[in-house]
Amino acid sequence: MSPREQVLEPPRAWLTWLLSYGVQRQSLRLAARRGDLIARLSTDPELVADPFAGYEELRARGTFASNGLVRATVDHAACNEILRSDDFGTAAGHAELPPVLRGLLGRLQDPDSLGPVDPPSMLVVDPPEHTRYRKQVARAFTARKVGRMADRVESVAERLLDDLADSGRAGGGDPVDLVDRYAAQLPVAVIADLLGVPEDERDQVLAWGNEAAVTLDPDLSWRRYRQADRALREMHRWFHGHVQRLRRDPGEDLLSQVILADGDGDDPLTDTELHQVGLLVLGAGFETTVNLIGNGVAQLDAHPDQLRWLQQHPDGWGNAVEEVLRYDSPVQLTLRAAHRDVEVAGVPIAAGDGILTMLGGANRDPAVFADAQSFDVTRSNAADHVAFSAGAHYCLGASLARLEATVALRQLYERFPDLSVAGRPERRDTRVLRGYEHLPVATGARAAA
């Protein structure tokens with residue numbers, strides 16, 4: 001039976017959700033009802049939409065806050081140390097579960113529906129496995145190769161802006177959704193090029209990726225899990241066929257290079273590993289960048305003085321992107337677990353203890369960033385953020401995301417200098433990823449060519 005035809009039997013599906021998310025979801029909700037701030041930051045819709053006051057309350061409690069189940073930190077120095085330290089790992093394999101339940105979950109999980117938080121995804125494995133996978137992908141993200149993509153990014157942005165202008169004229173000046181028409185289309189085109197995805201299949205792959213992205217959140221309902229599971233199955237089915245096509249007719253894309261390297265005895269990836277590498281590059285390369293572009297537009301709209309400065313100083317767009325990454329981070333948190341007894345900032349941490357590194361809070365640490373709650377595109381140390389994590393798991397595609405966002409924002413405001421948010425933006429309701437589902441904008445008068 002093919003992955004597309006196969007459907008998890010309801011008891012097996014429900015048990016997989018229960019062990020992966022249900023137990024944690026119930027624990028978080030019980031703790032939130034007791035007033036626990038760490039749990040509320042994951043479950044309270046108001047704090048999910050705007051977590052920054054909650055981060056400051058955590059900061060007031062010291063370097064670490066704890067609820068008895070997990071610790072959390074918004075301290076920049078502590079986050080940086082933990083993310084870079086070999087004493088901590090990714091808490092892979094649902095480390096919060098007892099060993100017996102982890103083993104049961106491992107037997108229940110289906111290779112045809114593995115998501116970004118399931119091994120062997122690079123997000124949740126540590127060296128030496130992580131080193132092996134990262135080596136296969138790193139060849140696509142060297143400084144030279146990213147530099148070569150600049151022309152492609154600019155040409156895609158220009159074409160999308162032409163379409164946006166045509167839509168504005170055809171709609172009589174009515175608002176258009178910037179996420180749907182621009183912020184999402186640019187990164188998916190670039191990542192699809194990297195993975196060799198045919199143009200006529202990109203919208204469908206993008207739709208599956210959007211549905212599957214919710215699996216990053218710990219507070220995932222049964223209904224949304226089932227939707228994500230179906231999307232992941234479709235993506236794996238598609239990916240299986242795509243890999244077979246590339247084996248027959250390889251191109252210049254990343255996946256073709258990885259497949260060709262398999263024949264050189266370079267520790268080849270299994271089909272499951274290849275799927276997870278490709279799907280992670282697709283998901284991470286898209287999700288982070290679309291959120292970064294959307295968040296940037298929203299912040300510049302809310303801070304018109306900053307936009308005016310950039311329009312007068314166009315060489316400042318790169319630093320503006322760093323400030324968006326700091327101030328409104330596309331990824332808000334990541335979990336680490338101690339491999340052994342260790343001490344961080346004078347605080348003892350026992351082997352196995354989980355630490356939530358709140359990246360979005362660390363990026364507003366007043367010990368590092370002066371006037372940290374202010375958005376300032378001229379900030380001299382904006383790039384000291386940890387929005388792309390740090391250490392072994394530092395985002396491989398960070399330089400590409402920076403390039404895409406810089407080009408996207410600069411060209412957008414060159415073409416539409418009067419662009420403004422029109423109507424009510426709709427935030428995604430995800431906790432780990434922070435961005436917009438819909439961002440209606442009015443393009444205003446078109447700049448002279």
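Trainee: Which helices each supply at least two residues of the lining of the second largest pocket?

Mentor: Keep in mind that this is a predicted model. Helix H1 (10–33), helix H2 (37–43) and helix H3 (45–49) each give at least two residues to that lining. The largest share, 3 residues, comes from H3.

Trainee: How many residues line the second largest pocket, and which lie nearest its centre?

Mentor: The lining has 19 residues, and Ser42, Val48, Asp219, Arg224 and Asp429 lie nearest the centre. The volume of this pocket is about 340 Å³. Sort the lining by residue type and you get 5 nonpolar, 4 polar and 10 charged.

Trainee: On to helices. What span should the 32 residues of helix H15 have?

Mentor: First, the general idea. An α-helix has 3.6 residues a turn, so residues three or four places apart point the same way. Now your case: H15 covers residues 271–302, and at 1.5 Å a residue it should span 46 Å. The C-alpha atoms at its ends are 46 Å apart, which agrees.

Trainee: How many residues of H15 are buried?

Mentor: Of its 32 residues, 26 are buried, so H15 is largely enclosed by the rest of the structure.

Trainee: How do I read a sheet? In which order do the strands of the open sheet with E4 come?

Mentor: Strands of a sheet pair through backbone hydrogen bonds, either parallel or antiparallel. Here 3 strands make an open sheet, ordered E4-E12-E9, with antiparallel pairing. Strand E4 (176–177) and strand E9 (420–421) are at the edges with a single partner strand each, so one side of each has no neighbour in the sheet. Between E9 and strand E12 (residues 440–442) there are 2 bridges. Look for Ser420, which sits opposite Ala442 in E12.

Trainee: And the aromatic rings? How many aromatic pairs does the structure hold?

Mentor: It holds 9. Take Trp238 and Phe239: their ring centres are 5.8 Å apart with 65 degrees between the planes, an edge-to-face pair. Both Trp238 and Phe239 are buried.

Trainee: Are the rings of Trp317 and Tyr413 stacked or edge-to-face?

Mentor: Check the angle: planes under 30 degrees apart count as stacked. The planes of Trp317 and Tyr413 are at 10 degrees and the centres 5.9 Å apart, so this pair is stacked. The pair links distant parts of the chain, with Trp317 in helix H17 (residues 317–327) and Tyr413 in helix H19 (residues 398–415), 96 residues apart. Trp317 is buried, with a relative accessible area of 3%, and Tyr413 is buried with a value of 3%.

Trainee: Which residues form one aromatic cluster?

Mentor: Trp14, Trp17, Tyr21, Trp222 and Tyr225 do.

How values were computed. Residues are numbered from 1 along each chain as its sequence is written. This is a predicted model: local features need pLDDT of at least 70, side-chain atom pairs count only at pLDDT 80 or more; totals for chains, interfaces and linings use all residues. Side-chain values use heavy atoms; hydrogens and water are left out. Helices (H or I, at least four residues) and strands (E, at least two) are DSSP runs, numbered from the N terminus. The expected span of a helix is 1.5 Å times one less than its number of residues. Buried means under 20% relative accessible area, exposed over 50%, partly exposed in between (1.4 Å probe, protein chains only). On a 1 Å grid over the protein atoms alone, a cavity is a set of points where a 1.4 Å probe fits but cannot get out, and a pocket is an open set with protein on both sides within 12 Å along at least five of seven lines; lining residues have an atom within 4 Å of a point. Grid points are joined across faces, edges and corners, and a volume is the space filled by probe spheres set on the points. Ala, Val, Leu, Ile, Met, Phe, Trp, Tyr, Cys and Pro count as nonpolar, Asp, Glu, Lys and Arg as charged, and the others, Gly among them, as polar. Two strands pair if DSSP finds at least two bridges between them. Rings of Phe, Tyr and Trp (its six-membered ring) pair if their centres lie within 6.5 Å; planes under 30 degrees apart count as stacked, over 60 as edge-to-face and the rest as tilted.
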